[in-house]
Protein chains: 4
Amino acid sequence: MKFSFKNDYSEGCHPNILQALLQTNSEQQTGYGEDIYSLQAKELIKEKIQKADSDIYFVSGGTQANLIVISSVLKPYQCVISASTGHILNNETGAIEATGHKVLSIETPDGKLRPSNIIPILENHQNVPHQVMPKLVYISNSTELGTIYQAKELEELSDFCRQNRLYLFMDGARLGHGLTSEISDLSLEKIALFTDIFYLGGTKNGALIGEAIVINNTDIQEDFAFNIKQKGALLAKGRLLGIQFLELMKDQLYFDLARHANQQAMKIKKALQGRGVQFLSDTYTNQIFPIISNALIDVLSEYFEFYVWKKIDAEYSAIRLITSWNTDDEAVNRFIEITERELS
Amino acid sequence: MKFSFKNDYSEGCHPNILQALLQTNSEQQTGYGEDIYSLQAKELIKEKIQKADSDIYFVSGGTQANLIVISSVLKPYQCVISASTGHILNNETGAIEATGHKVLSIETPDGKLRPSNIIPILENHQNVPHQVMPKLVYISNSTELGTIYQAKELEELSDFCRQNRLYLFMDGARLGHGLTSEISDLSLEKIALFTDIFYLGGTKNGALIGEAIVINNTDIQEDFAFNIKQKGALLAKGRLLGIQFLELMKDQLYFDLARHANQQAMKIKKALQGRGVQFLSDTYTNQIFPIISNALIDVLSEYFEFYVWKKIDAEYSAIRLITSWNTDDEAVNRFIEITERELS
Amino acid sequence: MKFSFKNDYSEGCHPNILQALLQTNSEQQTGYGEDIYSLQAKELIKEKIQKADSDIYFVSGGTQANLIVISSVLKPYQCVISASTGHILNNETGAIEATGHKVLSIETPDGKLRPSNIIPILENHQNVPHQVMPKLVYISNSTELGTIYQAKELEELSDFCRQNRLYLFMDGARLGHGLTSEISDLSLEKIALFTDIFYLGGTKNGALIGEAIVINNTDIQEDFAFNIKQKGALLAKGRLLGIQFLELMKDQLYFDLARHANQQAMKIKKALQGRGVQFLSDTYTNQIFPIISNALIDVLSEYFEFYVWKKIDAEYSAIRLITSWNTDDEAVNRFIEITERELS
Amino acid sequence: MKFSFKNDYSEGCHPNILQALLQTNSEQQTGYGEDIYSLQAKELIKEKIQKADSDIYFVSGGTQANLIVISSVLKPYQCVISASTGHILNNETGAIEATGHKVLSIETPDGKLRPSNIIPILENHQNVPHQVMPKLVYISNSTELGTIYQAKELEELSDFCRQNRLYLFMDGARLGHGLTSEISDLSLEKIALFTDIFYLGGTKNGALIGEAIVINNTDIQEDFAFNIKQKGALLAKGRLLGIQFLELMKDQLYFDLARHANQQAMKIKKALQGRGVQFLSDTYTNQIFPIISNALIDVLSEYFEFYVWKKIDAEYSAIRLITSWNTDDEAVNRFIEITERELS
């Protein structure tokens, strides 16, 4: 079996989670997220974000979280602004539009949105009532390109959104990776402060399934559970989500797992940089995009699975490597070893 | 802790499932349902239904299965016919209507639909194009009232639907219980033969989450996966669903679990009948509705949790008891013992 | 040609309207409802309802008005309550559900809703978040059965809705007929006072097309025009609607036309009552439902078109007769004459 | 009053139409498009397109036509491809997305789509089932920029679409203008041959309201009327649409009106070209985009209304002039006169 660097959801879950599932398995618990584990996990998250009036809900996956949040918050004629690399634009089969809402796309070099990207959109949507009304800014952290927001950037974007009556929603499918990046100066508290709504991704950070939606803006909290149920996302055995987040939130496991994934990617990055390899973008999370020769790609493909991301020229392409909470030193070292051997 | 007879999803899952999750946990598997466990589970189901050209997909829960199936199969102006007790009518927060489709409700005494129920609906929807077009018949087996279809009934309904160009869709959230009822003469093969589409419920029969949608009518198979993704139901770690159904389908575990649940309910039913207790409806699955005095309800409530379902008169009410794959003899015997003591 | 009593939209429009279209035809006017005729017509309506802060919009037809109003006002998980005879339930091809909202149906003898009809619905929708949330009460005046609300009835229903945080929406496709019924004690002012939103129907009362939506509740006025545009209901030549409503609102033409229609129906009603004919329901608007013998139906069918509405027994059926702003005495007298001759 | 060159829907309708409405006004006709005028108009259109098996429906406006066609033809996961200038992308308040479908935008210099524009979209949407499936190509003729398709271009696009199982849908809000352009070699017959579905715009070519949807592909004809009704677009007095199209189709009036509009624009174009004025794009229909100085814009604004379309530099801007079926020589000559005076 080749080791796969294709994504961060190839393995099962962190053993603590399976252990907790085993220990609690025979208990009878109330259904639909009213079990004690879900309640405890929510309390723990509230502590970590330092915001007692936030509302928290657990759902199974990222597309589900995105479509529920956006369709709950917007009126029929309101739309979303997203970087063109946004997951909702490219990888969710039109899930947002299927709930009736347009997603406006903005080209950006690094997958991040800044006020300067959004201003032209607002200026070009003044022909009332003939155009959709931009109302929600969708960002990801870390982004789909592996980049992250700095605290100052997020604060500026947050201020801009509030001045312009736009909701700010952060897709946190890889929020752990974003926050534990060696260059991040953000924290969960700041994210709760700067966004109206965000989610903590579990699926890509050691859970079997699960994203924790956190609604910080109290204006949009009312009746949120109805939307979860209506979209088919309310699990009868909600304990499955609660138990997982309780384990992840205990003792910083969530951050430890993400940091591990980042560190493994950074090991490869540094090794490759040491051999003069260039990268498609300068990332500090668990996604890296080294530009290597097609010959090297062929060699590496004998041992590893990964995506060839973008053709650079006749001879070179960028590949995408993703590391996970479970990527071990053996795989990382082997990858480095082979690459260094080939590049020497 | 009081023992709960409130539903069949209070506990975790059958131990075999947790065991399989543990054993496979560290493996890297392809995402989105392309893992080997999902593929194996699908093969096993196809064997059991004896229909090689059926398509099978796993999703998390029943509301999700219902809304994906119905919105995939219908054109915008087509609608659903359901018994008034249908889960989609009462307990899914308008999930079907949220995808754009009306659900027509038919009052029936036992939660089952027969051609005679549907004929008047068809007759009253001839004012083209001013009315919705009935196109899909939604049934449940066992029903929301615990009743089941006999093979002859299902065949007649199936014939009627085909003659009238209606799709027949069976909600199988409790299909295991329906099939293993002591009075059932149906089988998975026959259900695959008589329905256009149905699902095998896992959540209420020993899985953590999971329903297996089986599309028998090849006309409606095309591109089904897009709908699953668009509704946010495609799990990145699809293995979670595949592993569970593989365990459930092996060695008839799925049926053993359901049969156990039914038998525990039947034990209570027979004991109560022995004391002259009447029932709201005559059921042979894991849901029973004994009519008992309010005084007895008060006594039982000290030891057990259950729903008081319907007031009969000033003195009597029907309660609903649901047993599960995990309801043990101790709870059942204790319930019988207390009831017999009080009724003697 | 047989004279048709089938409906009130068989003819073109009142001649004043065509005259006004001719006179203004060559003028250049601003599009999309910003023409001076639309603005003037809105002012005139505001005067008549004595409510300066209401917002008014013109759309083409009743189904369009219903679907725009309901989808604009409700959140995704909220639903409508309607009498089972409601136009939105039976004659709009699921237009409301197509915008994502369930319509709950209540059986009533006369097509009218009272608080006592609604209370059980509210009581049966307490299982949060597993059920849709009833939020808007849809009524028609005159109703689809030709009956009308008395002021006291509407006030009670209005009070009930406000106490229960329900919006009250009146379909006024035949509002003129309702208000000019000989037994009506309602007025436009009272309707504006008692409803959150209603519309004045033009199509069935002498216009070519057109319904005037009046939003009285200021909480639901924001951004309404976006919804009209998004649903394809904003006419480029909005003058067509404005000119019509200006003519209808001038000099009470709207009410004169409806009163005429009612009076023609009442003439027939009284003549038939004089011959001992019974009616399916006791109406005082432009719809009447006499119960006559099949033999008489056959005779009348030689001269007139009308719907056979409901079979009463082997020998008798109720027919529906609708008169319009343009039904002349000749047709009415001839109908009476033939009937009296046959019944004598 | 200043004369307006802002659009082609500022005036009422062609006098023949009002005359026909007057003459037929008192007749009783069947509702909902079953009147004799609608039936005759459909026959006349079928003759002109030389395609007897096409289905024809009349609706009120362009946004309505677009949303009904697209939502009827596509399955939930399928999407539209449009030039970035497409009306559905910019001026319809997200009407298409509100029916659940994404619209993919392609930048083109002239508002026209060619196979070479579409190929990359198809290549980038291969990640099944994680992306929407492109299924319908939306084009306009004339386009929103006033440009037109040549027969060869449309044929190539048509062939490409058929090879790739894409529907080709032409928005014909200004189809008359496209077909009567001095450089057009297309005809109604060819358009019926090359497209799966298109519409003949009435609103912008002398009707009060009205677009005639023509469905050429018999695979997508079934049950279309249901969609019209469900979206609130089926007029009770369908005669209003039938009578208008009957007048427009008689004796080539439709083409005469459009040709007149084009000719008036071309007169201005040629006069301005004679004075060395440049244009933003080279159009031969009723929309022209001359680039003139801000000083000249100020002078012209004293006499005329028009849109300043795009700033070119500090001193110059492009304006948009639209002429209509009713733009008379006086206005055109005056505009030319003032411009020539100022530019001399």
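Trainee: What rotation superposes chain D on chain B, and with how much shift along its axis?

Mentor: This is a predicted model. In it, chain D is superposed on chain B by a rotation of 180 degrees, with 0.0 Å of shift along the axis and an RMSD of 0.0 Å.

Trainee: Why is that called the relation of a two-fold axis?

Mentor: Because a 180-degree rotation with 0.0 Å of shift is the relation of a two-fold axis. As for where the axis runs, D:Lys75 has the C-alpha nearest to it in chain D, at 3.9 Å.

Trainee: How do you know that the same surface serves both copies?

Mentor: Of the contact residues of chain D, 100% recur in chain B. The numbers in contact are 19 residues of chain D and 19 residues of chain B.

Trainee: How much area is buried between chain D and chain B, and what share do carbon and sulfur atoms give?

Mentor: The buried area is about 1900 Å², and carbon and sulfur atoms give 61% of that. On the chain D side, D:Tyr77, D:Pro129 and D:Phe226 lose the most area to chain B, together 35% of what that side buries.

Trainee: What makes the pair D:Glu222 and B:Lys75 a salt bridge?

Mentor: The cut-off is 4 Å between a side-chain nitrogen of Lys or Arg and a carboxyl oxygen of Asp or Glu. The side chains of D:Glu222 and B:Lys75 meet at 3.8 Å, N to O, so the pair falls within the 4 Å cut-off. The count between chain D and chain B is 3 salt bridges. There are also 6 residue pairs in polar contact between these chains, both residues at pLDDT 80 or more.

Trainee: Which helix gives the most to the side of chain D that touches chain B?

Mentor: Helix 10 of chain D, residues 224–230, gives the most, with 5 residues. By class, that side of chain D has 9 nonpolar, 5 polar and 5 charged residues.

Trainee: What rotation superposes chain A on chain B?

Mentor: A rotation of 180 degrees, with 0.0 Å of shift along its axis and an RMSD of 0.0 Å. Here too the same surface serves both copies, as 100% of the contact residues of chain A recur in chain B.

Trainee: Which residues of chain A does the UniProt domain annotation cover?

Mentor: The unreviewed UniProt entry annotates residues 18–292 of chain A as "domain: Aromatic amino acid beta-eliminating lyase/threonine aldolase". Over residues 18–292, chain A is 42% helix and 16% strand, with the end C-alpha atoms 39 Å apart.

Key. Residues numbered from 1 in each chain as written. Chains lettered and ligands numbered in written order. Predicted model: local features only at pLDDT ≥ 70, side-chain atom pairs only at ≥ 80, totals over all residues. Heavy atoms only, no water. Contact = heavy atoms within 4.5 Å. Buried area = accessible area lost by both parts, 1.4 Å probe. Polar contact = N/O pair within 3.5 Å; in protein donor to acceptor, adjacent residues only side chain to side chain. Helix = DSSP H or I, 4+ residues; strand = E, 2+ residues; numbered from the N terminus. Nonpolar A, V, L, I, M, F, W, Y, C, P; charged D, E, K, R; others polar. Least-squares fit on C-alpha atoms with pLDDT ≥ 70 in both. UniProt positions renumbered as here; feature names shortened; annotations may be inferred.
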